[in-house]
Structure formats: structure tokens, C-alpha cells
Amino acid sequence: LNDLGVVNFHELKLRLEDVMIEDNILCLAYVKSNVLGYRYEHRADRNKAIMTGKAWMLTQFINLKGEIIKTAQVQLNVDLRKNWNDTYIPASVLKNAISVKNMTGKGFVCLYQDDSKKNLVFYDLKGNQTWERRISEEGKIEHFKTSDHDVYVMMQKELARNKYQYTVYSYNADDNTVYQKYMLKDKKGNDLLPLGFENDPISGKPDISGLIYNPKFRKYRKRDEGLKIRKGMYGGVFNVELTGHKKGEMKEQFTYWYDDSKGDVTNKGYFSSGAGYITPNKSFRDFNGNTYYTGSVIKSRVRGRNIGGGLFVYGLTGLLLGAGTGNPALGIGYTGICMAFGHYREFPTGNALIMKMDTTGKVKYENTLPINGSKETGDYNFWSGTYCFTVVSPEDKLTYLVMSDDKAYVIYSVEQKKVVRTIRRDDAGKSVMVLPAKEGSVIVITRNMKERYTVMSIEAV
């Protein structure tokens, strides 16, 4: 691609959404509009333009000579007034950004969601649109991928606060056939939480892995995720390889601990050898059929400042209530009830953990990495895991896990069971970012904010 040269674009206002390559053809997907990103001198002119304006999904197909061999457009149904900006096309214009996947030897599939529909559009390698399908099923798009001649879309529906149902819908790219949907449940009817949806490195078939919701757990509406994990919200792990399109054709593997503690894992998912829990982060498969799950040490401690704050606020309110009603006992009772139901614990995270499920379904602690999980704050706290992805080397049959916190990126060799490389995020005042690249490699982006330059390099792990 370094020899691609200069490509001349005639469109003035575009928002690049995704890029994919197949058989030496690049497919670039944009949002295009004749209103968004334009400045108008008078409000009346802007209002008129918004009333008659439009937006499209624009796809361009470019060969390695830099020639645009085909351009295609699909009109989008979006709220131009709500998303109007006089400088650029905002990301909020679509409910789900355009994603492009390649189909080996066939072409490309685009998926997007505007204000009225979720839509799949297929193009051949000449840029010709061969079919289009609207996804009528309700829910949020969670994953989108391709394998062989099939297209897979995973949808998410909320069952209760912080508990979801996932369903995979699949389509044949040759004739637009709709296959039987696959609902993510185990043989006991328990819902599953997918953490990984990738192609198996050996078979090339889609592979889903993650956690099994504990059917005995009923406190999904609790606000602290760390507390729910410690109380046993997850009751096991699973792996499903989509080797076919019917329920009986799937290779399913389920391991439970909520009924019967196995080895060094308790019935609430605590691994004593790793001093931590499997937490919702990333799962993946290696070249030997093993499935790996990343987790974290979750600690528990009482927040003294919260106890003091609760005593002050509830005590003062109780005092005023007792004085206002002439009944001191009412104020004391109010303070006692509020303190009893207060939340005084926090669950900070420690180092990242790796657990492995082998081909027989046995789960064990594998290793600990010097990476700390992050904690989001808002109306409640929850463990958000760490930024991570995998890189595979088919030639060497090696799998690498790349994880990071606010200090460094750690590259861990799954087969060798060791950290093979550490890349600091701050290199002598320069900001460093690591992204996935081609097989066995990563993209290292170094930004020098002081001298205003950026260096990108593709490096072997």
C-alpha cells in the first residue's frame, strides 16, 4: 500500500468510516452529505438546505494503481437537523457506524444502522452491488463478521439491568439465504455473555466464547459490578464453534462452577491460585483448541470517607426531621435505616489474570500480567477491564495477547506463557499507541505533541 500513490477525490465533505482490502482492491466506506459540514450565511438558507438535504453511504473501490474503479451510493435516513455541523460530518449521524468486511475471493459486505433500519449491502470485486438485506430483528448490533461465504451479525437485547440476551443471525453471501438464528444459551437454558467472536485460527469457522450467567444469581440490578462478580453473577465459561447453521451442528463446550466447585475455583468463580475472578473482558482461542479468558484481581475494602459522609448527611437530615416533627425517635430511626442500607465498600482491581479452558473443558489459572484493570465512575462503579486484542501468526502457530493500562502495553505469548515485549505509552515525552496489524505484527504509532509529528510503523511482535 505504500506504493499506492495519490488518489484524487472529488467529493468535498466526507466522513471516512471504514477501510478493507480484498484481492488487491480497496473498499473505502464514507458518510456523504450535501448539508452536513457546510456553512450557510443565513439561517433561512440553512433551514432550507436541511429540509431538502440528504446523506448517503458512499463506497469507493480503488485498485493498487490508485484508480477509482467504481463508486456506489446508498441513501441514508438520518436526522440532518439534529446532527448539523458547519465544519464536519459528526459521528453521531449514524446509530451504528458503517463497518466493512471482506469475503475471500468474492467482495465486500457493509453493515450500518441509520434512524430507520439496520442494513447489509454486498458488493463484488468490481464494485457492483449484488444484494441488499434489511435486518428486521430488534436489538443492538454487537458483532459483525464474515467466514467463508457467510455473514454473521450478533444482536444484543437487554433482559434486565446489566443482563443481556445475544442472538446470532447469519446469511449466505452467494444467494442471500437466511439461515436459522442461533440464540446464545447453554443446554440448561442459561444465558451466555460473549466476550470473543472471532474466526477459529485452525478451522476458520466463527468461534464464540465468554461467560455463563449464574441462574441462581438474582441481583443484576445492583449498582456495583465488582460486588456482583464477587457474589457469583457468573457461573461458568463456554465456547461455541459455529461449524454449521443448525443447533445440532454447533460444537458447544460448557464448564460450570456454580453448582460444584472445581479444582481451585469456588462456586462464585474465584481462582485461589490466581487470587482473582474471571471478569468480562476478552476471550479467544489458540491453535491447539484451548480457549483463554482474561480476568482481574478484584479487591474489597471499606471506604471510611463514605461512612463519615453518610453519618454527616443522614444524621443532619435525621436531626432536622426529628426537630421538625417533635419526635426525636423518628429522626434517629431515619438515620439508622439510611446507614444500614448505605454502600460503603469499593472493589478496586489488581493485575490482569489469564485463565485457560482446554479441549476437555477443564478450566485453570494460567498466568498473571503486570496490567491493572480500569474502573469507570459515574452513577455507579463498574470494572471495565483493559484495552486488549490478539495477534496471530499462522506460520508459527502462535497467539499473542496485547493488553494495556495507562502506563504500558504488554505483549504476551500464549503458547510460550511469557511476556515477550513491553511498550511504554510515554516514551521520552512522546505518546505511544499500539494497534493490531497483519499476521504476527502490530502498528506502533508515536506522536510527538511538542514538535507536532506522528510516526507509524508496522513491527513484528
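Is Cys27 buried or exposed? With a relative accessibility of 0%, Cys27 counts as buried. The model is predicted. Its protein chain contains 4 helices and 34 strands. Mean pLDDT for the chain is 82.

**Overall build**
- Of the 461 residues in the protein chain, 49% are buried.
- The chain has an accessible surface of about 23300 Å². Carbon and sulfur atoms hold 49% of that surface.

**Confidence**
- A pLDDT of at least 70 is reached by 83% of the residues.
- Residues 1–5 fall below 50. This stretch has 9 contacts in the model beyond near neighbours in sequence.
- Residues 376–383 also stay under 50 in pLDDT. Here the model has 26 contacts beyond four places in sequence.

**Cysteines**
- The whole structure has 0 disulfides.
- For Cys27, the nearest cysteine sulfur is that of Cys110, 4.8 Å away. A disulfide requires sulfur atoms within 2.5 Å, so Cys27 is in none.
- Cys388 has a relative accessibility of 15%. The limit for buried is under 20%, so Cys388 counts as buried.

**Aromatic rings**
- The count of aromatic pairs comes to 8.
- Phe284 and Tyr292 have ring centres 5.4 Å apart. Their planes meet at 15°, so the pair is stacked.
- Both partners are buried: Phe284 has a relative accessible area of 2%, and Tyr292 has a relative accessibility of 3%.
- One aromatic cluster consists of Phe61, Phe108 and Tyr123.

**Charges over rings**
- Arg46 lies over the face of Trp84. The distance to the ring centre is 4.6 Å.
- Lys145 lies over the face of Phe197. Here the distance to the ring centre is 5.8 Å.

**Ile69 and its surroundings**
- Ile69 sits in strand 4, which covers residues 68–76.
- With a relative accessible area of 38%, Ile69 is partly exposed.
- Leaving aside residues up to four places away in sequence, Ile69 touches Ile25, Phe61, Asn63 and Leu125. Of these, Phe61 also belongs to the aromatic cluster with Phe108 and Tyr123.
- Leu125 is 56 residues from Ile69 in sequence. In space, the two are 9.9 Å apart, C-alpha to C-alpha.

- Asn176 has a phi near 65°, a positive value in a residue other than glycine.
- The loop that holds Asn176 runs between strand 11 (163–172) and strand 12 (182–183).
- Lys397 is not a glycine either, yet its phi is positive, at about 55°.
- Lys397 is placed in the loop between strand 27 (387–393) and strand 28 (398–404).
- Lys397 counts as partly exposed, with a relative accessibility of 47%. Exposed would call for a value over 50%.

Note on methods. Residues numbered from 1 in each chain as written. Predicted model: local features only at pLDDT ≥ 70, side-chain atom pairs only at ≥ 80, totals over all residues. Heavy atoms only, no water. Helix = DSSP H or I, 4+ residues; strand = E, 2+ residues; numbered from the N terminus. Buried < 20%, exposed > 50% of the residue type's maximum accessible area, 1.4 Å probe, protein only. Areas by Shrake-Rupley, 256 points an atom, 1.4 Å probe, with all protein chains shown as cover. pLDDT = per-residue confidence, 0-100. Contact = heavy atoms within 4.5 Å. Phe/Tyr/Trp six-rings, centres within 6.5 Å; stacked < 30°, edge-to-face > 60°. Lys NZ or Arg CZ within 6 Å of the ring centre and 35° of its normal.
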